[in-house]
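Open the model in your viewer and keep the selection panel at hand. Each stop below names a selection, then says what is there.

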Amino acid sequence: MKKNTVLENVRIDKLVFGGKGLAVHPDGRKIMVSGGAIPGQTVNLRILKSKKNYLEAQIQGIVAKSPFEGDLPAHYQVYGGCKWLPIRYDKQLEIKDDQVKDALRILRDKLENTVFHPIVASPEIYGYRNKVEFSWGKYISDREGVRDEFRFGFHKQGEFDRIVDCDYCVLADDRINEIFAAVRDYSRDSGIPTYDPKTQIGFWRHFVVRKSKSTGATMLVFSANTDYEGFTRKEEGELLVFVRQTLVPKFPEIESAYLLRNTGKADIVTGEAVKIHGSDTIVENLLGLEFEIHPKSFFQTNSLGAEKLYETALSLMKGQGGTLLDLYAGTGTIGILLAKRFDTVHSVELVPEASADGKRNAARNGVKNVEFFAGKAEDFVKAFLASGKKADAIMIDPPRDGMHPDAPKTILEFKAKEIVYVSCNPATLARDLVVLLESGEYRLTDVVAVDMFPHTHHIETVARLERVS
Ligand SMILES: C[S@@+](CC[C@H](N)C(=O)[O-])C[C@H]1O[C@@H](n2cnc3c(N)ncnc32)[C@H](O)[C@@H]1O
């Protein structure tokens, strides 16, 4: 089949993890559908790739709506980051639950005695995010006859150098949207150029708002290119004046603001963090404890959802006493929440700023039995084992890519009584569980999916392994 061929009246059967739709061609080949597919929809498709075993296609037009499409919030816009917004929330939960089960199917007979608990819903489905990352950019296309030097919003789905203007983000609350609008108006009127990834010229790159759900304390991070041809340093001065004299008086909940000198080519929020207003960190309360968050630290982005996730992980971890390893610990949250149940907790986190937050968070909550290690979990477990130390229970919460390939094998050598694995990617969870379960020393007792990210394809899963021999 030729590229750009149009297939008419194709039904979307389901969504697979990652958010693509799945349909079947009359010749039996599977079609991976991009462009915001909804199960139950009938669409016209344009073929992008034709392989022997499957096709890739893009939605060209909707022929019939899906019965799973629900009512949309008043001022919604669907961006790449909330592409499931048209799908009813109960259906989103069903799809995510199925995706977790599908991903774990590779464990086959290892699942025989596993209890799959019902998916845990997010307490809020709109305005739930405590952190939103906006991007500045341009939209210049000679082919389309567009020359727009100022865009501020989100990346266009699948097009990382294109920004779509945001009017209102329904995943953020009203106040975050108001701050975003004030920054948009100021930056547009400032005349200071937005960053162009092709030439690396321009100042404005990313704008991150973090807001504590419990206290309302807000932190702003302006990621800007402070080293380009034409940069005069006055840009930084003008931003500082705007934050202190305009933004903070209008939004007194802004307790902290940073400029991130982001001069690298990669489109990521990174660089030297220079504080331009207020305190170093903001504080969030979760399950009765206080956690300080540094601008460079990972923190779960749905605070009420994080409480559900942690309650789930804490209830699956049955152990008491002895030593707990909290691997991929971020700001120390899970280890600190579990500290009173164990004699000693070792909290292991790669990012030094997050590990330092963890240390302060333990002290802030009067927790004295957590040791913090800033470094790679895979190196820590090897060194810990080599020094002859024991672990009775292990909590694992890695990033999307899962654990380093060496880590699961080392973890098995501890012969810990139980392991709880919190994962934001069912595919890498399944991959790592294969290694943890293959020796037969552990059985997978429980699996719970927790939805922390309504209207997106993302899903958290908590899995518990118990030692059998
Ligand atoms: C999904 S987050 C979980 C953080 C924490 N458990 C929580 O609930 O907030 C994963 C964390 O692992 C850290 N990380 C990434 N690679 C790592 C590695 N090789 N060793 C240790 N930590 C790592 C990241 O910086 C991030 O803080």
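**Before you start**

This is a predicted model: local features need pLDDT of at least 70, side-chain atom pairs count only at pLDDT 80 or more, and totals for chains, interfaces and linings use all residues. Residues are numbered from 1 along each chain as its sequence is written.

**Stop 1: the domains**

Colour by domain, with bounds that come from an automatic or database domain assignment. Domain 1 is 6–64, domain 2 is 92–124 + 301–467, and domain 3 is 131–285. The C-alpha centres of domain 1 and domain 2 lie 35 Å apart. Five residues of domain 1 are in contact with six residues of domain 2; contact requires C-beta atoms, placed from the backbone, within 7 Å. On the domain 1 side, three of these residues are nonpolar, two are polar and none is charged. In this scheme Ala, Val, Leu, Ile, Met, Phe, Trp, Tyr, Cys and Pro count as nonpolar, Asp, Glu, Lys and Arg as charged, and the others, Gly among them, as polar.

**Stop 2**

Select strands S1 to S6. Helices (H or I, at least four residues) and strands (E, at least two) are DSSP runs, numbered from the N terminus. The six strands form an open, mixed sheet ordered S1-S5-S6-S4-S3-S2. Strands count as paired if DSSP finds at least two bridges between them. Now pick S4 (residues 30–34) and S6 (residues 54–64): they run parallel, joined by five bridges. Val-33 faces Ala-57 in S6.

**Stop 3**

Move to S8 (residues 131–141) and S9, an antiparallel pair with six bridges. Ser-135 stands opposite Gly-153 in S9. Four residues separate the strands of this hairpin, where Gly-145 has a positive phi near 70 degrees.

Next, select Phe-152, in S9 (residues 146–156). Is Phe-152 buried or exposed? Phe-152 is buried, because 22 C-beta neighbours lie inside 10 Å. The cut-offs are 20 or more other C-beta atoms within 10 Å for buried, 12 or fewer for exposed, and partly exposed in between, with C-beta atoms placed from the backbone. Leaving out residues up to four places away in sequence, Phe-152 touches Phe-134, Trp-136, Asp-165, Cys-166, Arg-184 and Ser-187.

**Stop 2: the eight-stranded sheet**

Show the strands in the order S7-S22-S23-S21-S20-S17-S18-S19: they make an open sheet of mixed pairing. S7 (115–116) and S19 have a single partner strand each, so one side of each lacks a neighbour in the sheet. S7 runs parallel to S22 (residues 442–450), with two bridges. Val-115 has Asp-446 in S22 as its bridge partner.

**Stop 3: helix H7**

Select H7 and find the buried residues Ala-377, Glu-378, Phe-380 and Val-381. They share one side of H7, because their arc around the axis is only 160 degrees; the arc is that of the directions from the helix axis to the C-beta atoms. The buried residues of H7 pack against S17 (323–327), S18, S19 (370–374) and H8 (407–413). Turn to the face away from the buried side: Ala-383 and Ala-386 are exposed there. Just after H7, Gly-388 takes a positive phi of about 80 degrees.

Conventions. Two residues are in contact if their C-beta atoms, placed from the backbone, lie within 7 Å.
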